[in-house]
Each structure stands twice: as structure tokens, then as C-alpha cells.
Amino acid sequence: MSEELAQGPKESPPAPRAGSREVWKKGGRLLSVLLAVNVLLLACTLISGGAFNKVAVYDTDVFALLTTMMLLASLWTLFYLLRTVRCPNAVPYRDAHAGPIWLRGGLVLFGICTLVMDVFKTGYYSSFFECQSAIKILHPLTQAVFVIVQTYFLWVSAKDCIHVHLDLTRCGLMFTLTTNLAIWMAAVVDESVHQTHSYDSSHSNTSHHRFAPDPERAGSSVGGDCPCNTAICQIFQQGYLYLYPFNIEYSLFASTMLYVMWKNVGRLLASSAHGHGHTPSRISLFRETFFAGPILGLMLFVVGLAVFIIYEVQVSGEGGRTQQALVIYYSFNIICLGLMTLVSLSGSVIYRFDRRAMDHHKNPTRTLDVALLMGAALGQYAISYYSIVAVVVGAPRDLLGGLNLAHALLMIAQHTFQNVFIIESLHRGPPGVEPRDTTPKEPCRGLTFANLDALHTLPACPSTPRLVGPSPEGPQEAVAIILAPRGHWRRRCLKDISLFLLLCNVILWIMPAFGARPHFSNTVEVDFYGYSLWAAIVNICLPFGIFYRMHAVSSLLEVYVLS
């Protein structure tokens, strides 16, 4: 008897298999992360080295590395798609939270703009083919193929929880994620170099161009000069430079979706988790709103576009016009950020009266969203605190300095309270789900109420003014759906708040993404820190602030749907 009891636990197969699976899962993740870190560090070294003319790393070396990485990632993506098609049991589960329709829709939109950018880039480098390396023309063509293949892959496979070739899949996903990050870094560095050259040109008594051509970066691999004198060449140049923000956002969107797929490799989901997503089957814009949020948001959006155009036109003029442009720019941003802060606070106050249950289910997508919101906000925090120190300690203290200080303080407050509102919204359950009562109650199923007054006599079912009869899943079952009228106005307010914040974040993304740089036009920080240090701070932190706006738009759209 004692020997049988001793042998019992040893012969139980589930525990050892579960333990070995968990250990190997961590090992596979570690292997893929090490691969991604090494490849990313190599890409960072070449990209950062190629940004300086005195370093013997030319842009052709960067293009060669990126082209090779995109080709390898495209081949692995095609292999993944073919493997899942030939193996029906490769994806036994699909994560309902991963890859929502608005995220995939944004990926497609930015992907189309990236393809247009590749067309302009190919035309630009083809304009002086005689003194260019062939890799500069091959790079945008390869990127176009990579964008098409990856967009289709993420559209059809973003929800996959694959269970075959786990280590190979983790390494492939991490390598593709690293490729997108390398493309993002190259675009950010190229944009920063053009901004720096434009600033140097405007402060050397030359004509001010938003993007002045850089002979070293526009030349061949040996630094030869390739002039862009024709009208078609200049159109292609300006076109692809203005489309860089869409390429940057595409790379970041793809990276977030790939990370969620990497987390879902080998993941086991319960049968009830298949349909646990909160996303409704039909999304109707402006449905059940007071229209105050969308109207006010659209007004600020239109006014913001006008302010952005005025700023871009006047900032290249004389000092008086630049001063006026900065005053208009800061005034609009102060009003917009102040309203967004108050609205975010109002949303948090409404949640204090909301009885919806908190969603504690494991959700890699939501965890990533929260981490990205908190991490990306650090970039704007850093710029704001540097500006506060420069304005308070530096001199002189004038109107522009006061506006700059108010703008920096409101930027910190707006990011803080908006993050609180979004994160709390993402952790709320769907409407109608209230905290569970621990006391057992008789479930109200299998009943059809012909008389509304009879509902009051049932102890388990509170009164409701609206009932739905038989369930479409079966003729024998009827379900009573309870809609609390007290929460109706709260849902409308939350939808208005989310739409208002969404539109404001869009206009606050457009301004810095398409060239608004008051950090350099306003010389307070430049005079205090020096141009080199301040340019490094802005060029490192601002891309994270731009990404924060677009990621907040995606999260607020989910908040709108969940409300």
C-alpha cells in the first residue's frame, strides 16, 4: 500500500508536462530576447554612426543592413503563413483582445502612406542615378515588399496563439519586431539630421528651408555631391520627407502587435476565453453621445490645423513674426491641454460612481497598452521639466517665457490625468457588468415574463424596464437582459469624453509630427542649455511624445467602444 502511494505522484503526467512546458517557455523567450537585443544593438550602432559625417559609416551601410533585415523578416513571415495554412492545428486558440479592428485599420492606413513614401523615395534617388549606389534604390523597393507582406500577416494572424515550432516562432517574431524598431530609428535619425541642418542653415544668413538637402547624406557612399536641381526631384524629396511620420507610426504599430503575438506563443486559453473580448460586433460612431465632446473636439481640431499652418508660415519670417507665431502656438496648446486635463479629471470622477466590475483577466494587449502609455509619456515629461528649469532659472522673464512655462506645466498635468483615465477605463468591465455578489442567487434563465409587474416578485431579478425574450442560440432558452437606467448618462458622458480626447490627441500628434518645433524657434532653452545638448534632448524624447499621442488615440478608441 505504501509503495503504491509512493508511486502514485510519480506516475501522474500532467504536473511534469506543465512544469517542463513552463521552464522551456521561459528559455525560449530568453533566447528570442537575446537575439533581438544583439541585432538591435548592431542596428543602433550603424544608424547612429551613419548620422555623423566625420564617422566612416555611410548611409549606404545603413541601407544595406535594413534591406537585409527586411528581406529576412519577409521570408520568415511567408514561412509562418504557409506553415499555419498547411497545419490546421497550429493555432488552436485566438486571443480576442489582440489586434482590434481599429489597430489593424490604423496599421493599414499608415502602411499605405508608407508605400507612397517609398514611391517618392525611389523617384528621388532615381533622379540622380549616375552618382548613387544601387542599394539606395533597392532599399525603398524592399521596404514596400516588406510593408505589404507584414500588413497582410498582422491583419490575418494578430490574434494567433500558435503551438508549433515555439522557439522558432518566438525568434522570428522578435527579429521582425527588431526590424521595425530599426526602421523607426533610421527614420527618426534622418528626420533629426534634416532638422539640425535646417536650423544651421537658418542661422547662417542663408535662405531658410524646412528640409535643406545634406550633400553628405544625399551623396554616394564616398561622399560625392548629387545635386537635386530639377523640379521633379525636389517634389519627390519634399514628398517622402513629409511622409516620414506615417512610416514612423507604422513601424511602432507593427512592433506593438508583434510583441502581443510573441507573448501569445504557446499560450493556453480556456474555452470561455475565446469570446471574452469586450469589443462589440458593431461599432457606430457618435452613438449614444451628447454630441458635446465630438463637436468641441472637431472645433479644436480645425482651429489647431489653422494654428499649425500659421505657425509654419510665420516661423520662417522675421523675429517679430516668429514671436507672434509662438504666442499663437503656445496659447492654443495651453487652452487645449487645459480642457483635456479638466475632461480627464471629469472622467475619473464619473468612474467613482460607476458600479462596473474591474476586469482582472490576463490580457497581454492591455498590459502592453498600459506600459506604452506610461513609458512614452516619459519623453514629454523630460522635455517639459527641462523647459521649466530653463524658464525659471534663465532670463529674461517675458510673455513668451510665461507661456512656455504654462505649456510645460499643463503638458505634465495632461499626460498624468489622461493616463489615469485611460488605464482605469481599460481595466473596467463591459457595460452592465457589476461587481458580483457573494451570496448565492437563483439564476434567471429559462423564464419568459409576460407581465412586467410579475418581475418584482422574483427575489433574484431586480426590476427592469426593458426585457429581451428568447435567446437566438436556442428556442428553449429565454434570457432577461437588465439595463440599468441610472448608468445611461454616465455612458454618454464617457463616450463624449473619449471622443473629445481622441480628437485633441490627433491634432497634438499632427503638429510635432509634421514639423512644428517651438523648442528651437523659442530660444529660451537653446540659450540656456546650448544647441547641442538641447537638440539631443529634443531629438531623443520628442519621438516618444509623438508616439504617445497616436497610441493614446488607439487606446481612447477602445475606451469609447468599452463605454
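**Close-up views of a predicted model**

**View A. Lys-495 lies over the face of Tyr-560, at 4.4 Å from the ring centre.** A charge counts as sitting over a ring if NZ of Lys or CZ of Arg is within 6 Å of the ring centre and within 35 degrees of the ring normal. The charged end of Arg-29 is likewise placed over the ring of Trp-262, 5.4 Å from its centre. The model is predicted, with local features needing pLDDT of at least 70 and side-chain atom pairs pLDDT 80 or more, while totals for chains, interfaces and linings use all residues. Residues are numbered from 1 along each chain as its sequence is written, and side-chain values use heavy atoms, without hydrogens and water.

**View B. Phe-110 and Phe-246 form a tilted ring pair.** Their centres are 6.1 Å apart and their planes at 40 degrees. Rings of Phe, Tyr and Trp (its six-membered ring) pair if their centres lie within 6.5 Å; planes under 30 degrees apart are stacked, over 60 edge-to-face, and the rest tilted. Phe-110 belongs to helix 4 (residues 101-126) and Phe-246 to helix 9 (residues 244-264), so the pair ties together parts 136 residues apart in sequence. Helices are DSSP runs of H or I with at least four residues, numbered from the N terminus. Phe-110 is buried at 5% relative accessibility, where buried means under 20% relative accessible area (1.4 Å probe, protein chains only).

**View C. Cys-504 is in no disulfide.** The count of disulfides, pairs of cysteine sulfur atoms within 2.5 Å, comes to zero. The nearest cysteine sulfur to Cys-504, that of Cys-336, is 4.0 Å away. Cys-504 is buried, at 1% relative accessibility.

Terms used
Buried means under 20% relative accessible area, exposed over 50%, partly exposed in between (1.4 Å probe, protein chains only). Helices (H or I, at least four residues) and strands (E, at least two) are DSSP runs, numbered from the N terminus.
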